[in-house]
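User: Please walk me through the labels used for this model. I want each one set against its cut-off.

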Amino acid sequence: MSGYQICTPTSSLPQGVVMAGSPGSLHSPPHVTDETTRKRQLRLMKNREAARECRRKKKEYVKCLENRVAVLENQNRTLIEELKALKDIYCHKVE
DNA sequence: CCTGATCTGCGTCAGCACGG
DNA sequence: CCGTGCTGACGCAGATCAGG
């Protein structure tokens, strides 16, 4: 068992549904104190915000990489054109 | 329209890394 | 150790799209 699961004993409530205001003392085992519940709620709240921030950072990072890809593709195109031009010049010289 | 497939964002859990 | 933050993975709901 994973320790706690105080939100929904029914197991059919989808994850991601927040039972924000639930007191936790309604059908909890006696060892689950209000303090335990409070700590858990606090941790969930912090983790929720951490996950949001993590996703924001990840999105930013991906956007950065995509920009870099675009820049490098441009550079590559330019260099290919330059190489072609230089080859042309060289070919005309040797003729 | 309707419907099934795909995308997107969210909350939660698990597990790792790190500092005290 | 233990508490805490970060992040991958999962399941879910709502939005969007393509095909009938």
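**Labels and cut-offs**

Analyst: Leu65 is found in helix α1, residues 34–94; helices are DSSP runs of H or I, at least four residues, and strands are runs of E, at least two, numbered from the N terminus. This is a predicted model, where local features need pLDDT of at least 70, side-chain atom pairs count only at pLDDT 80 or more, and totals for chains, interfaces and linings use all residues. Residues are numbered from 1 along each chain as its sequence is written, and side-chain values use heavy atoms, without hydrogens and water.

User: Why is Leu65 called partly exposed?

Analyst: Its relative accessible area is 39%. Buried means under 20% and exposed over 50%, with partly exposed in between (1.4 Å probe, protein chains only). So Leu65 counts as partly exposed.

User: What makes the contact between Arg56 and Glu53 a salt bridge?

Analyst: The closest N and O atoms are 2.8 Å apart. The definition asks for a side-chain nitrogen of Lys or Arg within 4 Å of a carboxyl oxygen of Asp or Glu. Arg56 and Glu53 therefore qualify. They are three residues apart in helix α1, about one helical turn.

User: How do you know that Glu81 and Lys84 form a salt bridge?

Analyst: Their closest N and O atoms are 3.5 Å apart. That meets the cut-off, so the pair counts.

User: Which residues are linked in a network of salt bridges?

Analyst: Glu53, Arg56 and Glu60. Arg56 also meets Glu60, at 2.9 Å from N to O.

Definitions and conventions: Chains are lettered from A and ligands numbered from 1 in the order in which they are written.
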